[in-house]
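Have the model open as you read along.

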Amino acid sequence: MLLVSADIGGFSLAWQLAYLTRAALDPLIYPINDFAPYAVVHPLIVATAIANCFAFGLYIHRRRLSSLNRPSLIFKAGYHWLLYIIVVAFFFKELEIGRSVILLAALYGLMYLYSSRTVLRALKVRALRAGRGTVRSAIIGTSQLALEVKESLRNHPEIGFTLVGLIPAKSEDLTPQTLDSLREHDVAVLGPSEQINELVERYKLEELFLAAAHLDPNDQLSLLNVADRRGISVHVVSNIFGVITESAKVEEISTFPVVTLRDGHMPFHQTMLKRALDLCCAILGVIIWLLFFHWWIAWRIKRDSPGPVFFKQQRVGRDGELFQLWKYRTMKMDAPAYSVAPTAEDDPRITRFGRWLRKTSLDELPQLINVLRGEMSMVGPRPEMPFIVEKYQPWERRRLDVKPGLTGLWQVIGRKNLPLALNMQYDFYYIKNQSFLLDLEILFRTIPAVLKGRGAF
């Protein structure tokens, strides 16, 4: 209720501020009518904004298992509010609501939504990191997949789970070798899944992660039945990341559930919007780069290490086509041109100033030229070197279905400390869910990720 009240004030302010902004432009363009007509529709405009937020689930405070699960609802909500304002203005056309006020109100409303939800998320993350409001959970399974889930939950306490331990899928999984291996991973073994009722009661478990693909279907259904009766949520974990998509449809053939997946291709109009976004960002970025950054960076590179300012290297683009990627040089001249990228800050190949460039991601600025030339996009998988692409399995070549990007999912969530090949799941998620709105969200989230220098080497 508190958030709804804040939104009423925020959208009300957005509508009034839009009118005041337009009124301030009177000396430059034709005069605007007085505020009286805008005051008439004011309550209706705010009401549509609140209803829109409800419709898009912006008042539902469920935990998000991942920051990758869907494009931002904020952008969708902002776009739909613009449509609702246009509809209101149409039905009250005798009031002559200005088009510029409508556009400004939608812009201010989007800014309010983004900033308010960012602050709210930051407060929630802070509380969860302090251990307040976390959920006691366990992982069913002892496979490599289960251990990866364990690492993710521990590395991201802001998601909101307190991991109690692992539950082997079967009693026979409790071998001495398995127990020794799990102790090395610093994880408690609670007991076999056959004792799930007792384990839930003893450890006060609230949610379960099922990461045991070899578990018999009957045993899986038994587990789900126990969880359902106790009101426990179960998250089925899959490592088939290449097919995960938020728009999957659940249908059925007779009594069997069937998941129908989207093909991952962007519609033509979104492809055009993506290219327009690339050109706008690249042109603005090149102007700012050349005016404020290039000469100082070039001077520091030459001062720090002898050799050229730029580093040029062949990379593999869309459909396997080779192109020349541009970067600022961050390594010493004797470093091999084609070798695995650094994954640690103290890599001896990196120059002193190059370390700072990589930390701030300013070494990527010259790639704006690649974006202008159409070889890269602002958002997409990072372009790989030919010798790595040559080793791709057939399914891995799916990365080449889209243009490589300056930024992407794994950059904004701080996983740059892993080689590109180990971040495949993020690239595949992007390819299966690519959209104009997802690109916008990634670009917005790139800014704080770059400022924090998260995971950058």
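Let's begin with one tryptophan in this predicted model. Leaving aside residues up to four places away in sequence, Trp-15 touches Tyr-38, Val-41, His-42, Ile-45, Ile-85, Ile-97, Val-101 and Ala-105.

**Nonpolar cores**
- Trp-15 is among the residues with the most contacts inside the largest nonpolar core, alongside Phe-11, Leu-58 and Ile-97. This core has 36 residues.
- At least two residues of this core come from each of H1, H2, helix H3 (73-91) and helix H4 (99-129).
- Another core, of 35 residues, lies apart from it, and includes Ile-301, Leu-365, Val-402 and Val-412.

**H1 against H2**
- Helix H1 (residues 2-24) packs on helix H2 (residues 36-55) at an angle of about 135 degrees, and their axes are 9 Å apart.
- That angle makes H1 oblique to H2, and their crossing is right-handed.
- On the H1 side the contact involves Val-4, Asp-7, Ile-8, Phe-11, Ser-12, Trp-15, Gln-16 and Tyr-19. H2 contributes residues including Tyr-38, Val-41, His-42, Ile-45 and Phe-54.
- Sorted by class, this contact of H1 with H2 has 13 nonpolar, three polar and one charged residues.

**H2 against H3**
- For H2 and H3 the packing angle is about 150 degrees, with axes 10 Å apart.
- The two helices, H2 and H3, are therefore roughly antiparallel to each other, and they cross in a right-handed way.
- Val-41, Leu-44, Ile-45, Thr-48, Ala-49 and Asn-52 of H2 meet Ala-77, His-80, Trp-81, Tyr-84, Ile-85 and Val-88 of H3.
- The contact of H2 with H3 comprises nine nonpolar, three polar and no charged residues.

Technical notes:
Residues are numbered from 1 along each chain as its sequence is written. This is a predicted model: local features need pLDDT of at least 70, side-chain atom pairs count only at pLDDT 80 or more; totals for chains, interfaces and linings use all residues. Side-chain values use heavy atoms; hydrogens and water are left out. Axes are lines fitted to C-alpha atoms, for helices over the stretch in contact, and angles run from 0 to 180 degrees between N-to-C directions. Helices (H or I, at least four residues) and strands (E, at least two) are DSSP runs, numbered from the N terminus. Angles under 35 degrees count as roughly parallel, over 145 as roughly antiparallel, 65 to 115 as roughly perpendicular and the rest as oblique. A crossing is left-handed if the near helix is turned anticlockwise from the far one by less than a right angle, and right-handed if clockwise. Contact means heavy atoms within 4.5 Å. Ala, Val, Leu, Ile, Met, Phe, Trp, Tyr, Cys and Pro count as nonpolar, Asp, Glu, Lys and Arg as charged, and the others, Gly among them, as polar. A nonpolar core is a set of buried Ala, Val, Leu, Ile, Met, Phe, Trp, Tyr and Cys residues joined through side-chain atoms within 4.5 Å. Buried means under 20% relative accessible area, exposed over 50%, partly exposed in between (1.4 Å probe, protein chains only).
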